Amino acid sequence: MTTTTTTRPPSTDSAWRIVAGREIMVKLRDRNFIISTLTTIAIFIVAFGLSFFLGGRDGEKTVAVASNDAAAIVQAAASAEPAAAGAGSDEGTGSDSPPAAGPPIELSVTEVANPEAAEQAVREGEADAALLGAPGAWTLVGSDGVDPDIAAAVGAVVAADALERNAAAVGTSVADLTTGSVVQERLLDPNGAADEGVQLIAGFVFVFLFYMAAILFGYAIANSVVEEKQSRIVEILAAAIPLRQLLVGKVVGATVLALGQMVVFVAIGLIGLTFTDYASLLPSIAGAAGWYLVLFVIGFVALACLFAVAGAMATRAEDVQSTSSPLLTLIMVASFAGLFLQDTWQVIASYVPIMSTVTMPIRLVEGSAAWWEPPVAAVITLVVAGAVMVVAERVYRRSIMQTGGKLTYRQALSLAE
């Protein structure tokens, strides 16, 4: 009895994994990719390092004094409530008390023997300013200018002290003299001014990362496709695996690399934020960054398919710039329009695929987006991306074997299977 065994050809259903793994390993060995990644990380680290260093030094001023009265004035200006040291506010006066000085700065006192020594300290850079004179006749001495922060802090204390002295001289009180002289202030958005700069920076970072990743990995896919087409390697690959699997592998490999890079950059940004004065904004920015990654992945998959089509339409590496130009325009419009649009247009843009990748996170940082809006934007982007991938896959299969010359988008769409 003879037993016949049937040998089945190896399945190609998982061939995309091999292609994706190859794309990832080739990219990880690419010197330009490594340098660009490390350079971006270095920029983030340096930016946060400078912010931390300069923030720690912000307000650190030294004032030279030659008398106890001057030392008392500077110490009062350095306190959290400088008005309390000079005087101008009695308990119970409430909003009718004289306005306190501006935001407190960190002042240190350098006591010297005489005014000449104080001026010498300023001249040699050992002190930022010198306070000379006596009550009622104070003078701030600077080198080539008096620091405005020092002038504001010291001036507020001197003014409050002079007001109290003058009031006592005429037999009245500071509260009586200043009744009704203060204009009240009320903010509709107390945190708006402080957060505006962070919101702008966060928006710029989202745009920069999206633009960089879309261009870097998009062109990498297009160049990889046209190189395989130009060298006829794609014909060998097409005989071994379906072209659909080849496309999926390239897109998955690029998406994994792009997402990994984005996760590293976002993590560094969030960690660096904890060492700044804006650490309180970490929850809102972390949430926005999370949705940025979600929208980025969905949108990038669609862009990756389109860049693969751009590579398939080209016959030489020189053609990629031309076939990819519409995609470059799309990315630029989506990035910068998403950053600069405001009000109703910004809301609309936050639902437009690709553009929503940067606009919705910006709205989340600003606090103008409801909790349900990011999921809706993600679903819309997913639906549109799915439609784009279906069309792109067909155009890719029709164009990749065409070697007669560069194709236009109209020609590529009209090709038969």
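T323 sits in helix α12, which spans residues 320-340. The model is a predicted one. The relative accessibility of T323 is 3%, so this residue counts as buried, the cut-off for that class being under 20%.

Two backbone oxygens lie within reach of the T323 side chain. One belongs to A310, whose backbone oxygen is 2.9 Å from a polar atom of that side chain. The other is the backbone oxygen of V320, which the side chain of T323 reaches at 3.2 Å. Leaving aside residues up to four places away in sequence, T323 touches A310, M313 and A314, and also K406, L407 and Y409.

The protein chain has 16 helices and four strands. Of its 417 residues, 40% are buried. Among contacts in the chain with a separation of 6 or more, 75% are between residues 24 or more positions apart.

One helix pair can be followed in detail. Two packed helices are described by the angle between their axes and the distance between the axes. For α1 (residues 15-28) and α10 (residues 243-273), the axes come within 7 Å and cross at roughly 40 degrees. The two helices are therefore oblique to each other, since angles under 35 degrees would count as roughly parallel. The crossing of α1 and α10 is right-handed.

On the α1 side, the contact is made by A15, W16, V19, A20, E23, I24, K27 and L28. These meet Q245, L246, V248, G249, K250, V252, G253, V256 and L257 in α10. Sorted by class, the contact of α1 with α10 comprises 11 nonpolar, three polar and three charged residues.

The backbone holds two further points to look at. Most residues other than glycine have a negative phi. D343, although not a glycine, has a positive phi of about 55 degrees. D343 is found in helix α13, residues 343-349. Its relative accessible area is 60%, so D343 is exposed.

I354 is also not a glycine, and its phi is positive at about 75 degrees. I354 is found in the loop between α13 and α14, the latter being residues 356-366. With a relative accessible area of 10%, I354 is buried, whereas D343 is exposed.

Definitions and conventions
Residues are numbered from 1 along each chain as its sequence is written. This is a predicted model: local features need pLDDT of at least 70, side-chain atom pairs count only at pLDDT 80 or more; totals for chains, interfaces and linings use all residues. Side-chain values use heavy atoms; hydrogens and water are left out. Axes are lines fitted to C-alpha atoms, for helices over the stretch in contact, and angles run from 0 to 180 degrees between N-to-C directions. Angles under 35 degrees count as roughly parallel, over 145 as roughly antiparallel, 65 to 115 as roughly perpendicular and the rest as oblique. A crossing is left-handed if the near helix is turned anticlockwise from the far one by less than a right angle, and right-handed if clockwise. Contact means heavy atoms within 4.5 Å. Ala, Val, Leu, Ile, Met, Phe, Trp, Tyr, Cys and Pro count as nonpolar, Asp, Glu, Lys and Arg as charged, and the others, Gly among them, as polar. Buried means under 20% relative accessible area, exposed over 50%, partly exposed in between (1.4 Å probe, protein chains only). A polar contact is a pair of N or O atoms within 3.5 Å; within protein, one must be able to donate a hydrogen and the other to accept it, and residues adjacent in sequence count only if both atoms are side-chain atoms.
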